[in-house]
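I opened this notebook to keep track of what I looked up, one entry at a time. The entries follow the order in which I went through the structure.

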Amino acid sequence: MKQTRRPYLKACIKESMRVLPVVTGNARTSTKEYNLLGYKIPKGIMIGLSHQYLSVKEDHYPRPEEFIPERWLVDKHDPLYHGNTHPFVTSPFGFGVRMCIGRRIAELELETFISKVVENFQIGWKGGPIQVSGTSLNYITGPFNLIFNDI
Ligand code: HEM
């Protein structure tokens, strides 16, 4: 079967997950006491990591509020290079042994669905910005102002 790499589409998906991830953060319970840079973390407490919050901070990405897929494609000499930030800042599928087991399926579904839509329709948007209800998951509450025209 012919393999298609579609690097720009993959970069768009990564950038979407940075700006507006499906899961807003991640959590772990400490199994022992830690001393992290002088912060004493007791055993048995919940530690939260809000990657949505961190991912749109100037400290971590240049022009953080802008949708720039190129930051996932440029090399390390470019100021936009995504690798200049800590790898845990943007972790939409979590990390480690409990990370999302469906990550590859989800990414494959997204790539397949979006590439088929883009190949077959000219896509537009009419109206104001999307409305999002965000708790631990982000939901688009609508209205869905998408317009699809046959190519
Ligand atoms: C865009 C789609 C998806 C996103 C953003 C997502 C995100 C996540 C995140 C953040 C976690 C927690 C990871 C951690 O604690 O380190 C998780 C766990 C999990 N996800 Fe997903 N997920 C997606 C789709 C899927 C799909 C399609 C499946 C199944 C086919 C799936 C199955 C699971 C399972 C079973 C866990 C629990 C893993 C464990 O606790 O050991 N996810 N997901």
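Predicted model: local features only at pLDDT ≥ 70, side-chain atom pairs only at ≥ 80, totals over all residues.

**Entry 1: the largest pocket**

I began with the largest pocket, which is lined by 25 residues, and I noted that Ser16, Leu110, Ile114, Ile140 and Leu146 lie nearest its centre. For the volume of the largest pocket I found about 1100 Å³.

Next I asked which element gives the most to the lining of the largest pocket. I found that H1 does, with six residues. I also listed the elements that each supply at least two residues of this lining, and they are H1, H3, strand S5 (121-125), strand S7 (138-140) and strand S8 (146-150). When I sorted the lining of the largest pocket by class, I counted 22 nonpolar and three polar residues, with no charged residues.

**Entry 2: the second largest pocket**

I then turned to the second largest pocket, which has a volume of about 530 Å³. There are 24 residues that line the second largest pocket, and Lys14, Trp72, Thr90, Pro92 and Arg103 are the closest to its centre.

**Entry 3: how H1 meets H3**

Helix H1 covers residues 7-19 and helix H3 covers residues 103-120, and the two pack at an angle of about 115 degrees with their axes 10 Å apart. Angles of 65 to 115 degrees count as roughly perpendicular, and therefore I wrote down H1 as roughly perpendicular to H3. The crossing in which H1 passes H3 is right-handed.

Which residues make the contact? On H1 they are Leu9, Lys10, Ile13 and Met17, and on H3 they are Leu110, Glu111, Ile114 and Ser115. By class, I have five nonpolar, one polar and two charged residues in the contact of H1 with H3. Looking back at my first entry, I noticed that Leu110 and Ile114, which take part in this contact, are also among the residues that lie nearest the centre of the largest pocket.

**Entry 4: two backbone details**

Most residues other than glycine have a negative phi, and most peptide bonds are trans. With that in mind I marked arginine 6, which has a positive phi of about 50 degrees although it is not a glycine. Arginine 6 lies in the segment before H1. I also marked the cis peptide bond that joins glycine 142 and proline 143, where omega is about 0 degrees. Proline 143 lies in the loop between S7 and S8.

**Entry 5: the whole chain**

Last, I stepped back to the protein as a whole, which has three helices and eight strands. Read along the sequence, these follow the pattern α-β-β-β-β-α-α-β-β-β-β. Along its principal axes, the C-alpha trace spans about 60 × 40 × 35 Å.

Definitions and conventions:
Residues numbered from 1 in each chain as written. Heavy atoms only, no water. Axes fitted to C-alpha atoms, helices over the stretch in contact; angles between N-to-C directions. Helix = DSSP H or I, 4+ residues; strand = E, 2+ residues; numbered from the N terminus. Parallel < 35°, antiparallel > 145°, perpendicular 65-115°, else oblique. Left-handed = near helix turned anticlockwise from the far one by under 90°. Contact = heavy atoms within 4.5 Å. Nonpolar A, V, L, I, M, F, W, Y, C, P; charged D, E, K, R; others polar. 1 Å grid on protein atoms, 1.4 Å probe; cavity = no way out; pocket = protein on both sides within 12 Å on 5 of 7 lines; lining within 4 Å. Points joined across faces, edges and corners; volume = space filled by probe spheres on them.
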